[in-house]
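Colleague: Hi! Could you walk me through a few spots in this model?
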Amino acid sequence: MNRHKAAHSVVHAVRTRRLTNGLVALAMTAGGLGVLATASAPSALTPPLTMTAEDLPTWQTNGIVYAMAEADGVVFVGGTFSTIRPPGAAAGTQEEPALNFAALDAATGEPIDCSLSFTIGSGTAQVRALAVSPDEETLYVGGSFGSAGGSGASSLAAIDIDSCTRDTSFAPAANGIVRAIAATEDRVYLGGDFTRINDTARSRFAAVTTGGDVVAGWSADADEIGKAVEVTPDGQHVLLGGDFFTVNDADSHALAVVSAADGDVVRAYPNGFIPTSSTVQDIATDATGFYTGNEGSGGGVFDGRIALDLATFEERWRDTCLGATQAVTVHETVLYSGHHAHNCSSMGEFPNQPRYHLFAQSVADPGLLGWFPDTNDGLGEQLGPRVMAVAEDLPGEERDFLWVGGGFTTVNGQPQWGLTRFATGPDTVDPSVPETHATSLTPGQIELTWRASLDLDDSWLTYHVYRDGGSEPIHTVGAESMPWRRPQLTFVDTGVPAGESHSYRVTATDAAGNVSSLSAPVTATSGTSTEPYVAAVLADDPMLYWRHDETSGNFASDASGNEASGVHRGGPSRGVTPGAVPGPQAAAVGHDGTDSYTYSDDPVSGVRQYTLETWFNTTTNSGGKLIGMGDTILEESYSHDNNLYMLNDGRLQFALYTGAYRTATSSASYNDGEWHHVAASVGPRGMELYVDGQRVASNSRATSGRNLNGYYWHTGGDNLDRFPNRPSSDYFEGRLDETAIYGSQLSAARIDAHVDAASAPTDTVTALTPDADTYVNGSATTASYGGDRQLAVRGTSPYESYLRFALPDAPAGTVLKNAALRVRVSGDSFAGSADDVAVRTVAGAWTEAGTTYATRPALGEQTLGTLDSPSEVNGVYTVALDQAALTAALGGELDVALVGEGTDSLWLASREATNAGHRPQLLLTFGAP
């Protein structure tokens with residue numbers, strides 16, 4: 001493709017094309033009148049974010065992009081690359097020459113008709129700096145090159161943007177790399193490695209005229225490399241950044257403000273404002289502030305960003321994330337940055353973990369906003385993004401664009417080299433699907449919990465809860481989530497009769513109205529009483545209580561009431577049975593002894609006296625951690641403490657560090673394949689270790705642990721380095737169940753009470769579906785409806801329905817404590833009824849296939865219960881049945897009839913319903929006498 005067009009205005013061509021293509025012809029009248037309208041406005045994001053996290057198709061480079069500038073819809077990029085290729089093209093395919101420079105359409109990401117080469121006789125040519133003149137007619141280029149556009153140059157050049165040709169009237173010579181450029185109407189400010197411009201001594205910073213002459217009266221000499229130059233919006237000052245320690249002999253490390261007129265230091269930042277081991281890599285400005293991107297190496301580094309006020313040059317805020325920042329830019333009120341941040345725990349964000357490469361922050365506050373597209377580290381120094389630029393207010397475009405360049409080779413997990421871009425809309429990606437769990441901890445209630453969803457450009461999401469397949473939500477709530485902190489949310493469905501079951505699903509909706517898929521349905525049955533073990537644990541006010549009875553997913557629901565949920569890593573087995581403690585949903589989690597573990601979603605602080613409790617079952621000979629604290633979540637912790645772990649021989653050890661390691665170790669081994677209860681505590685009685693309710697070890701030399709801030713609880717595994725008697729494996733191979741952590745030292749009596757409660761009788765619910773059901777129709781006396789997917793009930797003209805259940809005997813040691821019939825109204829608009837429906841006994845014989853109105857069975861004398869006005873379409877209704885009558889029928893068959901009392905017809909799902917959850921159920925609750 002020939003991208004050179006003589007006498008052709010590149011920018012004008014882009015402007016004209018975009019203005020035309022950005023309008024949509026809506027109608028054309030017979031008289032030739034064209035009606036035009038612009039595209040729809042960008043979709044909303046969680047304020048104050050402006051950019052979506054969806055990367056747009058963009059041409060790629062085969063090397064690193066170091067520099068970027070935008071002029072009227074064209075983005076110029078420079079670096080160390082030799083070709084460009086289309087988005088999606090693999091490296092080495094569909095490539096076109098581009099020697100260290102390319103020009104692309106800001107709105108489409110495609111190359112425009114502008115091709116210039118920057119080369120050098122020996123070594124590697126680099127384009128390190130690009131800047132556009134205020135009138136957007138000239139592009140200034142700096143770097144390390146000996147030829148620009150086919151003619152000789154000495155690391156500096158100017159390009160006429162309209163013609164895409166070298167302006168040879170600007171030809172200053174630098175004797176070192178030019179790394180930064182800022183242009184005004186009459187001057188071009190430079191930063192880099194150089195010590196001379198033309199024949200004039202200028203150390204690392206200089207000013208030249210637009211004709212290329214050194215400005216004689218301007219001097220801002222620094223002792224080390226200059227990397228960033230920005231002119232303040234009022235044109236009065238120049239902001240300098242780099243590696244330096246002095247500017248014009250003034251003590252000012254990495255950052256300085258100098259006069260735009262003569263280079264005199266206006267504000268110095270003595271060593272300490274930015275640590276000695278850190279530098280300024282980039283500077284961005286807006287109307288009121290300026291912002292630095294910082295890089296450090298070694299100990300005590302500062303890698304984050306600083307916001308400063310332009311009126312006073314004082315610090316507004318700084319963040320202290322670790323992971324060098326290479327690029328900053330501002331769009332509206334948001335500071336966007338490129339870096340490889342890996343630890344922001346010092347500012348209350350995520351702990352040390354795999355790197356993030358793109359962030360957004362308010363210009364007024366350092367807290368991270370919910371914007372998390374990502375790249376990889378990529379090529380060269382493996383720093384990921386190196387430069388950013390904003391293209392805004394483009395003719396014919398309603399969107400602004402954020403361009404990112406660097407050495408990355410993936411964007412959002414997909415191959416993409418060197419360049420990517422984002423826009424202010426539309427936001428079209430759905431939030432992730434919520435992970436849910438339902439249980440009944442309190443009689444008459446069902447507790448639904450779920451892990452907050454993730455959306456990479458919306459931190460605030462709205463959740464809708466649906467019950468029993470209904471189309472209208474029964475609960476709506478909003479919550480914030482981040483990739484590293486997705487809190488548990490809870491909805492309590494109250495007033496649910498004992499024995500009644502319901503299923504629940506949840507969706508997440510972002511600010512633009514994108515809705516996740518429905519979560520997988522979860523079902524729970526309202527209990528008649530709190531399970532004895534649960535009651536014992538909750539009576540001691542746990543900080544965290546993971547029951548581990550979820551059957552799938554990565555969500556560990558917290559039953560403590562503190563929303564202290566956990567996250568499974570490494571794919572542990574879910575829903576493993578039997579669990580340690582009996583109950584209607586009893587199950588455990590199985591860890592592999594290699595890399596699976598569970599971590600708490602929120603860090604904890606100030607926990608010095610506590611009790612750790614769990615049940616375990618294993619035959620391992622490699623040991624492993626059961627519970628402990630660590631400073632990371634996605635990787636092995638570097639710092640860790642308060643560890644309860646198994647030794648290779650099956651003994652248990654509780655250990656903590658208080659300047660010296662303190663331990664309490666059992667003499668017996670417990671890797672016998674049986675369930676065991678363990679509790680480890682530290683408090684006024686010292687360190688104590690209990691197994692199966694008996695104290696097996698103690699240590700009076702420690703009565704509290706260290707005050708650890710920002711640590712996370714881990715179960716199933718984490719680093720045990722440096723801890724006494726470290727086992728062969730830090731990870732536990734076996735099952736864990738009913739894990740709880742308390743903020744105090746439990747007494748021996750309470751620990752024993754927990755163990756006793758685990759064997760106490762607990763209520764169980766048996767759900768039965770009919771063995772047969774049918775209905776009859778008084779208006780069609782010989783018709784049989786035995787295979788129909790619906791049942792019908794009406795007083796006049798009559799419908800009657802019949803159901804048969806095979807009842808079990810009561811389990812040994814239990815009695816029937818509750819019985820209920822659960823039915824679901826069909827989805828037809830006419831299905832609900834305002835009339836009551838009686839549940840009657842049946843005295844006569846009937847069959848599903850052969851019963852008609854003419855052959856219907858006689859009804860018994862007894863009414864077992866009454867459905868009160870089941871009027872809601874798709875509604876689920878439960879009616880309590882006479883307990884004595886059901887007790888007498890145990891071990892045999894129960895036949896019941898549904899009989900209407902009015903003229904309004906009721907249509908119910910039958911046992912043939914396609915959705916098993918819609919079918920009738922008889923719920924029998926058995927428990928201790």
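Colleague: How many bridges join β65 to β72?
Modeller: There are 4 bridges between β65 and β72 (residues 906–909), and the two strands run antiparallel. Strands here are DSSP runs of E, at least two residues, numbered from the N terminus, and two strands pair if DSSP finds at least two bridges between them. This is a predicted model, where local features need pLDDT of at least 70, side-chain atom pairs count only at pLDDT 80 or more, and totals for chains, interfaces and linings use all residues. Residues are numbered from 1 along each chain as its sequence is written, and side-chain values use heavy atoms, leaving out hydrogens and water.
Colleague: And what is the bridge partner of Ala792 in β72?
Modeller: That's Trp907.
Colleague: New topic: in which order do the strands run in the open sheet with β10?
Modeller: The order is β10-β11-β14-β15, 4 strands with antiparallel pairing. β10 and β15 (165–166) are at the edges with a single partner strand each, so one side of each has no neighbour in the sheet.
Colleague: How many bridges join β10 to β11?
Modeller: 6, again with the strands antiparallel; Val132 has Leu139 of β11 as its bridge partner.
Colleague: Where is Asp135?
Modeller: Asp135 sits in the loop between β10 (126–132) and β11 (138–144). Asp135 is exposed, at 52% relative accessible area.

How values were computed:
Buried means under 20% relative accessible area, exposed over 50%, partly exposed in between (1.4 Å probe, protein chains only).
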